[in-house]
Amino acid sequence: MAPRFTSLLRLSATAGASILACAAAAQTDPAQLQTVTITGRSAPPVSVAGFGDTPLEQLPLQAVSVTEEALRERGAQGMRELARIDASVSDAYNSVGYWDSLTVRGFVIDQRYNYRRDGLPITGETAIALDNKARLELLKGTSGIQAGTSAPGGLLNLVVKRPDVERRSALVELRGAHTALAAVDLSTRFGEDRAFGVRLNAATERLAPELDDAQGRRHLFALAGDWRLTPGTLIEAEIETSRRRQPSQPAFSLLGDRVPDANDIDPRRNLNDLPWSEPVVFAGQYASLRLTQRLGADWRAVVHAGLQRLRTDDRIAFPYGCSDDRGTPATDDDVYYADRYCPDGRFDLYDFRSEDERRRTGAIDAGLHGRARFAGTEHTLSFGVLRSRYKQRLQGQAFNYAGSGSVDGSASTTPDPTLYPATDRDERSTEFYLRDALQIGPTVGLWLGLRHTRIERASVQTDGSAPTDYRKRFTTPWLAATWEPLDGHRLHASWGRGIESDVVPNLPGYERPGQALPPRKSRQSELGYRHTTGALTTGLTVFRIDQPAVTDDGSSLRPDGEQVHTGVEAQARLRIEHWTLAGSMQWLRARREGSSDPLLDGSRPANVPDRSLRLLAEREFVSLPGLRGWAALTADSDRSVLPTAGSPTVPGWARIDLGASWDQVLTGGQRLVWRGAVDNATNRRAWQESPYQFDHIYLYPMAPRTWRVSVQADL
């Protein structure tokens, strides 16, 4: 597939009323009303790294920060858009109507442990709206000093909008034939010395993707406020409530031993289009309170608490395997495909229901952050404790044979909502952390991190059977050094550990379904180089991640060898007069090593491309001030469909997105931003991803060409 992938790259490379009242009453400085964006300056700090306001280009790690404006320009509908922006990120079971799932550096990031909201742990097992998020931050690689337990691919942080600007903004967007979004963003400060601030974000959207019978609705209401009690005391609070109701999208699969041609599959076909199938419902609330107290000129204390409450109705007509006799053992006259569909396109359908799922995550972080000088060395220090608790309560689940269907859309089914026991879980963790950035002379820096974690985890079936309970303690260190031999040139080396915790799939046939397993340690080594001068920024990183591997044989999970991912990442950004060119690429060698199973030893992980490329070109047109056009390329090489040696692969692909925006300044200083774009401009048909989960192969087609237009009014 390499020649095809290379040719694709060559071809593509050339081709609220109360808030308004407060705003009117406030004495607003006109200079605060206009935001000026300057291209080519330093990137904003990446708070998820844990080193305060240190700029990204000075950190000895790899991360990406994507602003609200960039997400809006790309028409982002979720965190899955990161897979179109950075080459180290790819899709990992991103079904329409379901929660977002990403792979970073070849590892799927864990919805339960790899998500943060303003630095506090949350679960990603829900639909997360971006309307009230200022930016997305992604820390790449192991995160042992930032998180007690997390998968080694990366840590994703959502930064919430705060009332730090005066804003009255409204947005209307149309996407495809019938999707329509309306949103408002209102922010102001008021009171004596403008001590009080409040920001409201609200959105409602009719969902009608380019997928048959997948219509739905969502809404969001979020309010953030702060009180500058004294010059050194800041109190911040926020609340959010959201709901999304939409049918989810089942995947296609292999047809016998054959990878079907994506050109023969209608990407709009929804295999979940059955009379008895019901939509997935995600409802969530979040609230947080943060106190920041300045302690002298160089120190501050921060206490931050957050609470997330989720309710989910997870339902789908789920295609899984194919049999002529409802899964009985194969005979000469009976063919049974456990992990794929039959050669003629038939598959077994299962009635999956897990209604009224309840999840609750609470966390409180208390820390001290500041600077000190001792032994002739400047130290930037952070230390504190994070206490978190997670609770999951389920009401029983169904996963029952309900008939058969076919990839042509036909089906003969009878629903069976009979419930079987599910698994309730309780988890508690206490994490003590210390981070220190030392400046040794003008060109050398030393970075240290340590996190000691104590976890308590318990599970029990909803019928009271199969209880488990265990406690663990572990310490995850991190060490890095930086050297700046010349102005604008920086080298770094780092080494660190992480801890990951697995949960047995909550499906029939597994031993101890839904129960957490003891943690396993991963480790990462990384070497990096960055160059920043004027309009040019470049970077090159080499990394290796070793993670103990687990074999899933359909009935149990067991340790078996290691997963070793070695890779090279490169980034560049160049500003030339009216042009901005940016890109990233990743070469990854991900292999299973030391497995007792010869079919697994030496294999690639499923759904992970070896080579990825992301390019973006922007052009400002001086003939019409405020007008910009852009073109983006997303390209991935082939992917394995099975985590075994000699696995079939789906071909690599390249996709082009085009867009333009016009920032129109009106006479009174108001602003209209007109945007238009077309995703998948060439209407390319391809298998966008090939996840392998629950011992089954899935193929998701690339969405067809989709137009979108919007207008944003900033008053």
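Is W227 buried, partly exposed or exposed? In this predicted model, local features were considered at a pLDDT of at least 70 and side-chain atom pairs at pLDDT 80 or more, whereas totals for chains, interfaces and linings use all residues. Residues are numbered from 1 along each chain as its sequence is written, and side-chain values rest on heavy atoms, with hydrogens and water left out. With a relative accessibility of 35%, W227 counts as partly exposed, a class lying between buried (under 20% relative accessible area) and exposed (over 50%), as computed with a 1.4 Å probe on protein chains only.

A search of the whole structure for aromatic pairs returned 20 of them, a pair being defined by ring centres of Phe, Tyr or Trp (its six-membered ring) within 6.5 Å, with planes under 30 degrees apart termed stacked, over 60 edge-to-face and the rest tilted. Among them is the pair of F196 and W227, which is stacked because the planes meet at 15°, with the ring centres 5.5 Å apart. F196 belongs to strand β11 (residues 196-207) and W227 to strand β12 (residues 216-230), so that the pair ties together parts 31 residues apart in sequence; strands here are DSSP runs of E of at least two residues, helices are runs of H or I of at least four, and both are numbered from the N terminus. F196 is likewise partly exposed, at a relative accessible area of 33%.

An edge-to-face arrangement is found for F352 and F399, whose centres are 6.3 Å apart and whose planes lie at 70°. This pair links distant parts of the chain, with F352 in strand β18 (residues 346-374) and F399 in strand β20 (residues 398-406), 47 residues apart. F352 is buried at a relative accessible area of 14%, and F399 is also counted as buried, at 15%. Elsewhere, the charged end of R105 sits over the ring of F543, 4.0 Å from its centre, where the criterion is NZ of Lys or CZ of Arg within 6 Å of the ring centre and within 35 degrees of the ring normal.

The structure holds one disulfide, a term applied to two cysteine sulfur atoms within 2.5 Å. It joins C322 to C342 at an S to S distance of 1.8 Å, and the angle of -90° about the S-S bond makes the link left-handed. Because C322 lies in strand β16 (residues 322-323) and C342 in the loop between β17 (336-337) and β18, the link ties together parts 20 residues apart in sequence. Both C322 and C342 are buried.

Five strands form an open sheet of mixed pairing in the order β1-β7-β8-β5-β6, with strands taken to pair if DSSP finds at least two bridges between them. β1 (63-67) and β6 (120-122) stand at the edges with a single partner strand each, so one side of each is left without a neighbour in the sheet. Neighbouring strands are turned by 25° against each other on average, direction ignored; axes are lines fitted to C-alpha atoms, for helices over the stretch in contact, and angles run from 0 to 180 degrees between N-to-C directions. Within this sheet, strands β5 (residues 115-117) and β8 (residues 154-160) run parallel and are joined by three bridges, and R117 has L158 as its bridge partner in β8.
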